[in-house]
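Got the sequence and the 3D view open? Let's take a quick tour of the inside of this protein, one topic at a time.

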Amino acid sequence: MKTKKRFIALAVSSALFLLVCNSCNQKKEFIDFETVQKNDIDTSQYKGFDFVSGKGEVWKMWDKVFRACMKSEIFDDPYYFGMTNTIDLGAITDKKHESVIRLIDTNVFSQAEINQMIRSGNPASCEYVQQLTMSLNVFLNSEFSVTGVGNKDINAELNLAISTAKSSTVKVDGWQKDELVTGVLGDILDETTDPKKLKFKKDLLTEGNLILVRGAKINGFSSQITTSQEISANLEAKLKEGVIASIGNTGAQAKFEYVNKTTISVTSTGDFYIFGQYMKGKKVNVKPTTSS
C-alpha cells in the first residue's frame, strides 16, 4: 500500500515538474515599435487629391510652416493630415487611413494610464509668416466651410472676394509636439489580461495596421487676405459682424473679419494636428530597452 502511494506521489510530482518546465521553456513575448517606411502607408486612394495626399500646394505651404516653426523638433517623414482631421495620438488605423480601428481612451485604459502614455509638448510661439503662392481660393475651400443662416450666400461672396486675392499670408500663433510614450504602452499591453486591452493589442499587431506616435499640433493661426477688387457692401457688413467658419470636423473654427475695403483677416480658435508620425507594433522575444 505504501509503495503504491509513493508511486502515485512520484507520478504527480513528475507531472508537475514537466508542467513547470514546459512553462519555463515558453519564451515570453514583448511588444516593440518600429519605424514606418514610406511603402507602409498607402495613399493611393488620395491620388490627385492634393489636400490629403501630401504633395499638393496646400501641403507644401504647411510643410514650410512646420519646418520653420518646429526647427530642431521636426520628425522624420511627417504624414500630412490636413486641417480637417480628428485624429488623436495612439489611434490605430489601417495603412490606407480609411478608418480609425482603436483609440487610446477611457473605454480601454484608465485615466492614470493615459496620463503616463501621452506626453503633451509645451506650447511655443512662432513668428514665421508664410506668403501663400497658391490660389487662396483652393486653400480656403480645402479646409473651411461657413455655417449658419444664409451660409450659401456668404460662401458665394467670400469665394468671389477670395478668388480675386492678389496676396495673402498665413502665420501660426502657436504649435507643440505631442508624443505617445510607446514604452509605457508596450509595458501595459505586455502584462494585461483585460479583454479590451487584449483587443487593442491584437489590432496593434495586425499586419498593415499603424499607430500614431507623434503629432505636430497647431494652436491657432491667422491670415491676411488682400483682394484685387473692393469688397462688396453686403459682404463688408457681414464681415464687420464676423463670419464664423468650421475647420473640417476638428471642433476648431475660423473667423473672417473686415479690415478695410481690400483686406480680410482670418483668425482661428481651437487646435488640430497638421502632421503626424506613424509606427507599427511587432512581437519580440527580448524586452525593448527604449522608453519612448
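A residue counts as buried when its relative accessible area is under 20%. Keep that cut-off in mind, and remember that this is a predicted model.

**Strand S9, an inside strand**

- Six of the six residues of S9 (residues 175-180) are buried, so the rest of the structure largely encloses this strand.
- In a regular strand, side chains alternate between the two faces of the sheet.
- On one side of the pairing story, S9 and strand S5 (residues 118-119) are antiparallel partners over two bridges, and isoleucine 118 has leucine 180 in S9 as its bridge partner.
- S9 also runs antiparallel to strand S10 (residues 210-218), with five bridges joining them.

**Zooming in on aspartate 178**

- Aspartate 178 sits in strand S9, and its bridge partner in S10 is glycine 215.
- Why does aspartate 178 count as buried? Because its relative accessibility is 2%, and the cut-off for buried is under 20%.
- What does the side chain of aspartate 178 reach at 2.9 Å? That would be the backbone nitrogen of glycine 121.
- The side chain of aspartate 178 also makes a polar contact of 2.8 Å with the side chain of tyrosine 273.
- Leaving out residues up to four places away in sequence, aspartate 178 touches a whole list of others, including Leu89, Arg119, Val213 and Lys217.

- Strand S12 (residues 243-247) has four of its five residues buried, so it is largely enclosed by the rest of the structure.
- S12 runs antiparallel to strand S13 (residues 253-260), and four bridges join the two; serine 246 stands opposite glutamine 253 in S13.

**The nonpolar cores**

- In soluble globular proteins, nonpolar side chains tend to be buried together.
- The largest nonpolar core here has 35 residues, and the ones that touch the most other members are Trp62, Leu158, Leu239, Phe256, Ile264, Ile274 and Phe275.
- Helix H3 (residues 57-70) supplies the largest share of this core, with seven residues.
- There is a second, separate core of 17 residues, and Ile31, Ile104, Leu185 and Met279 are among them.

**Empty spaces**

- Rolling a probe the size of a water molecule over the atoms shows where empty space is left.
- How many cavities of 30 Å³ or more does a search of the whole structure find? It finds two.
- The second largest cavity has a volume of about 50 Å³.
- Residues lining the second largest cavity include Val65, Phe66, Trp175, Gln176, Ala216 and Ile274.
- H3, S9 and S10 are the elements that give two or more residues to that lining, and H3 gives the most, with four.

Terms used
Residues numbered from 1 in each chain as written. Predicted model: local features only at pLDDT ≥ 70, side-chain atom pairs only at ≥ 80, totals over all residues. Heavy atoms only, no water. Core = buried A, V, L, I, M, F, W, Y, C linked by side-chain atoms within 4.5 Å. Buried < 20%, exposed > 50% of the residue type's maximum accessible area, 1.4 Å probe, protein only. Pairing = 2+ DSSP bridges. Polar contact = N/O pair within 3.5 Å; in protein donor to acceptor, adjacent residues only side chain to side chain. Contact = heavy atoms within 4.5 Å. 1 Å grid on protein atoms, 1.4 Å probe; cavity = no way out; pocket = protein on both sides within 12 Å on 5 of 7 lines; lining within 4 Å. Points joined across faces, edges and corners; volume = space filled by probe spheres on them.
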